[in-house]
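Colleague: Please pick one part of this model and take me through it closely. I would then like to see what lies around it.

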Amino acid sequence: MAAQRQYEELARQLSAIGAVKRGLGRGLPHDCPGGSAAVLVLLDRHGSMRMSRLAELLAVDMSVTSRHVAHVADKEWILREPDPADKRSRILSLSPQGKAKVGELNDLSIQTLTHYLHDWSDDEVVQLSTLLARLRDSFGDCRAASARLPLPSEETTRTPA
């Protein structure tokens, strides 16, 4: 197990990850902001789905998801078709134009990462990818957690019931 100072440094580094995300966001085309790109990438990765599932995957509420979906639908990057199981709901899927846009987004992401990580070795890129995947897996679906984790000071001061 890592020492407290190592966790403190990790927390500092993770809080600075916003700069990395902003750098990647600057590589997006002007007609496809981050939220729209996320919708397209998730539909590409997971296939057709209801808006409620998309909201879960985006980890945002339905009103935010609706705005993102409206934007990509206006661009004709997705299709919204009636759900055969529930005619009140819609199934979202990528259109052919949406698939092309995902390809463009992937190319832009690779170009951006290549630019910023030009001095990294292949092994270092693989190691970072592996560790980030492990970090994500360690957190699991943290949106499902209903209660906050106790602080270490709370754990040691609690008395058994």
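**A loop and its surroundings**

Modeller: Glu76 sits in the loop between α5 and β2 (78-83). Helices here are DSSP runs of H or I with at least four residues, strands are E runs with at least two, and both are numbered from the N terminus. This is a predicted model, so local features need pLDDT of at least 70 and side-chain atom pairs count only at pLDDT 80 or more, while totals for chains, interfaces and linings use all residues. Residues are numbered from 1 along each chain as its sequence is written, and side-chain values use heavy atoms, with hydrogens and water left out.

Start with the backbone. Glu76 has a positive phi, near 65°, and it is not a glycine. Its relative accessible area is 48%, so Glu76 counts as partly exposed. The scale is simple: buried is under 20% relative accessible area, exposed is over 50%, and partly exposed is in between (1.4 Å probe, protein chains only).

Now go to Ile78. Ile78 touches Leu40, Leu43, Val69, Val72, Ala73, Leu92, Ser93, Leu94 and Ser95, leaving aside residues up to four places away in sequence. A contact means heavy atoms within 4.5 Å.

Ile78 also belongs to the largest nonpolar core, which has 19 residues. Such a core is a set of buried Ala, Val, Leu, Ile, Met, Phe, Trp, Tyr and Cys residues, joined through side-chain atoms within 4.5 Å. Leu40, Leu43, Leu54 and Ile78 have the most contacts inside the largest core. Two or more residues each come from α3, α4, α5, β3 and α6 (96-116). The largest share, 5 residues, is from α3.

Stay with α3 for a moment. This helix covers residues 34-46, and Ser36 is in it. Ser36 is buried, because its relative accessible area is 2%. It touches His68, His71 and Val72, again without residues up to four places away in sequence.

Next comes α4. This helix spans residues 51-58, and Leu54, Ala55, Leu57 and Leu58 are buried in it. Seen down the axis, these buried residues fall within an arc of 165°, so they line one face of α4. The arc is that of the directions from the helix axis to the C-beta atoms. What do the buried residues of α4 pack against? They pack against α3, β1 (49-50), α5 (62-74) and β3 (86-94).

After α4 comes Ala59. Ala59 lies in the loop between α4 and α5. Its phi is positive, about 60°, although Ala59 is not a glycine. Ala59 is partly exposed, because its relative accessibility is 46%.

Last, the whole chain. How many helices and strands does the chain have? It has 8 helices and 3 strands. From the N terminus, their order is α-α-α-β-α-α-β-β-α-α-α. The chain has 161 residues, and 20% of them are buried. Take the contacts with a separation of 6 or more: 48% of these join residues 24 or more positions apart.
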